[in-house]
Every structure is written in structure tokens, then in C-alpha cells.
Amino acid sequence: MFSPLKFWQKIVVLVAVVLLCVGCSSVPSTSYNPWEVVTLPTDVNLQDVGFTEDIQHGWLVGNKSALFETKDGGKTWQQKSLDLGDKNFILSSVSFSGQEGWIVGEPSLLLHTNDGGETWSRILLSEKLPGNPNTIVALGQQSAEMTTDVGAIYRTTDGGKNWKAMVQEAVGVLRNVARSEDGKYIAVSAKGNFYSTWEPGQTAWQGHNRNSSRRLQNMGFGKDGRVWMLARGGQVQFTKADNTEEWEEVQNPELSTSWGLLDLAYRTPEEIWVTGGSGNLLCSPDGGKTWQKDRGVESVPSNLYKIVFLSPEKGFIIGQRGILLRYQGQAESA
């Protein structure tokens, strides 16, 4: 006997199955996995990595005043101690120019070295500093640029003795901030509602409304002249290379994902890598036109929240609880 109710129940189930299959990942896999998981004797959250002029000699910083040194290009790391008293600091950024290096962190910490990190000296910061130091970039002999977590920008040209404010006012609490090679900055607000830009010569940040209903996760500058944006729901978007005020169409490299995109980095002007939650890693070999998924790292039990390429041959992915991945290229991983 024909039952209209059962008939429509079957139709609903069939439609649900079809929609589920459509939502399944159809992103092709990369031909190989160039990333090696590096074992570290810590479970703290790491924050940043930087290398001296010696490509084998680098430093890794993180929460609870964590500091690690490598002398073999990042294959192995040795934990180092800093004389900072009983207080635990979040070491958020490290940068070198030659043998001169800088580390910043919170609460209100600035460290400086002239000998590749063999010795570190603490430079006291003014109590009137807006916010906590957040990022630092070494720019040459005795010169560096520092930002705080509320968008203040300062520059020193005398080894940290004096700092000049580059903007008149801070922009507000930030989710993240990035600097281009030519000194421009872009910052995402703490809630992802808007972003701000600044370039040398301007006295204040310029605010911009987001061009999507999705909240912003991260933004930065590409090696091809474009600005990139990651938004909630796995969205990727780029500006046009000749007009960073005009955005290209939104991309969803992997539809219907339950994990978010967290960071993006260019290995070359064409090859782009995007990290995400739950060990997810995407690669585009053609500047974002097509995407592949590196399924060789899906078993890594961590959100991969930062990716850094110091050169096309040297890159690292930083995750939670002491997780670190090292780029080793096709030849070494084969």
C-alpha cells in the first residue's frame, strides 16, 4: 500500500545524503608532504621563530618565557633560560638582522642581543607605553620597529635607547597585525569587525569596513603585491595586485568545513600555504587560483595557527602545545 508519508521521508533522506556528499571535501591532495614534525621538550604554546644571518642558527619563543635555540636549521632545538625573575612572560615575537636580534613580549618586555643571542639584555620600556609589545622587526644596525597590542608603532635607530612614535594614537585592541617589506602595516580588530591600514608618512591608522558578512580572522601582505584576507567559514580573499583597495571574488578552498583558516604565507610569489584548525593545511601552486590539501599533516593534534617562510627553502608552522613543523622541501621529504 502506497504511503505518502514514507515516500516523502525517503525523499528527505535522499536529499540529505546528496547534500552531505556535496559538502564532502573534494580538494585534491598534494603530491607529497614537505613538512616534518619537530619534537620539542615542551607543551607550551609557541609564538614566533627567527634566524640570524647564519641560516642554521635560529630562535623560537613562546609562552611561559619559553626560549629555544637551533644550530642545525631547525631540525633540533635546545631550551634556553632567561634571567627574568619569577614572572612568566609571553614572548610573542623575535627578529634578527645579522647578529643583532630583538624579542618582545608581555607584560611589557623588550630584549636585545648583539651577538646572535649568546647574551640578551633587557631594555626597560616606559610605563606610559600604550598596550603591551606585540611584534618587532629588525631593520638593520641598531634599528627596529615595534608594535603593541593596541596598534601603537614605534621605531628606534639607536639600539633601543630611544623610540619614536610613528602614529599619533593607537587603533584599539587587535587580533593581529602584519608588516610589509616596505614598511606598511595592516591590522585586524579584536572582534574581526573591521581592519586598519597604515603606511610611512601617515600620522594615523586608516579604518576600513570588512567587505563580507563574515568576521575577519587574519590579514597580511603577499609577495605578489596583493593583500590577503582570511574570514570565518573558511574564506580566502585577495586584492588586485595593481589596486589594493579593490577585492577579487571570495574563495572557499574547502566548502562546508568545520574548521577555520588561521594564517597564510607565501613560499614564493606563486606558491601559497594556508594553515587551519585541527591539523588542516592547504596549498595553492598558482597564486590562489586552485587549491590542494596536504593530508600528510592531518594527524597532527593541533590547530596550526602561524606559518612563517624565512626564505623559499626555510619555513615553519607553529601549533599549540609545543607543536612545530619544519619545511623540508620535496627532495628531503622524498
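Are Trp35 and Tyr327 buried or exposed? Both Trp35 and Tyr327 are buried. Keep in mind that we're looking at a predicted model here.

The mean pLDDT of the protein comes out at 91, and 90% of the residues reach 70 or more. One stretch to treat with care is residues 11–23, where pLDDT stays under 50. For that stretch, the model has 2 contacts beyond four places in sequence.

## Aromatic pairs

A pair of aromatic rings is described by two things: the distance of the centres and the angle of the planes. In this structure you can find 12 aromatic pairs. One of them is made by Trp35 and Tyr327, and it's edge-to-face, with 5.3 Å from centre to centre and 70° between the planes. Trp35 sits in strand β1 (residues 35–38) and Tyr327 in strand β28 (residues 324–327), so this pair ties together parts that are 292 residues apart in sequence. Trp35 and Tyr327 also belong to one aromatic cluster, along with Trp273 and Phe309.

Now take a look at Trp59 and Trp120, which are both buried as well. Their ring centres are 5.8 Å apart and their planes stand at 90°, so this pair is edge-to-face. Trp59 comes from strand β3 (residues 58–62), while Trp120 is in the loop between β8 (109–113) and β9 (121–122), so the pair ties together parts that are 61 residues apart in sequence.

What's the lining made of, by class? You get 5 nonpolar, 5 polar and 6 charged residues.

Rolling a probe the size of a water molecule over the atoms shows where empty space is left. Counting cavities of 30 Å³ or more gives 1, and the largest cavity holds about 30 Å³ of space.

Which residues line the largest cavity? They are Ser212, Met229, Ala231, Gln235, Val236, Gln237 and Val250. Two elements, β19 (227–231) and β20 (235–240), each give two or more residues to that lining. The largest share, 3 residues, comes from β20. By class, the cavity lining splits into 4 nonpolar and 3 polar residues, with no charged ones.

Key
Residues are numbered from 1 along each chain as its sequence is written. This is a predicted model: local features need pLDDT of at least 70, side-chain atom pairs count only at pLDDT 80 or more; totals for chains, interfaces and linings use all residues. Side-chain values use heavy atoms; hydrogens and water are left out. On a 1 Å grid over the protein atoms alone, a cavity is a set of points where a 1.4 Å probe fits but cannot get out, and a pocket is an open set with protein on both sides within 12 Å along at least five of seven lines; lining residues have an atom within 4 Å of a point. Grid points are joined across faces, edges and corners, and a volume is the space filled by probe spheres set on the points. Helices (H or I, at least four residues) and strands (E, at least two) are DSSP runs, numbered from the N terminus. Ala, Val, Leu, Ile, Met, Phe, Trp, Tyr, Cys and Pro count as nonpolar, Asp, Glu, Lys and Arg as charged, and the others, Gly among them, as polar. pLDDT is the predictor's confidence in each residue, from 0 to 100. Contact means heavy atoms within 4.5 Å. Rings of Phe, Tyr and Trp (its six-membered ring) pair if their centres lie within 6.5 Å; planes under 30 degrees apart count as stacked, over 60 as edge-to-face and the rest as tilted. Buried means under 20% relative accessible area, exposed over 50%, partly exposed in between (1.4 Å probe, protein chains only).
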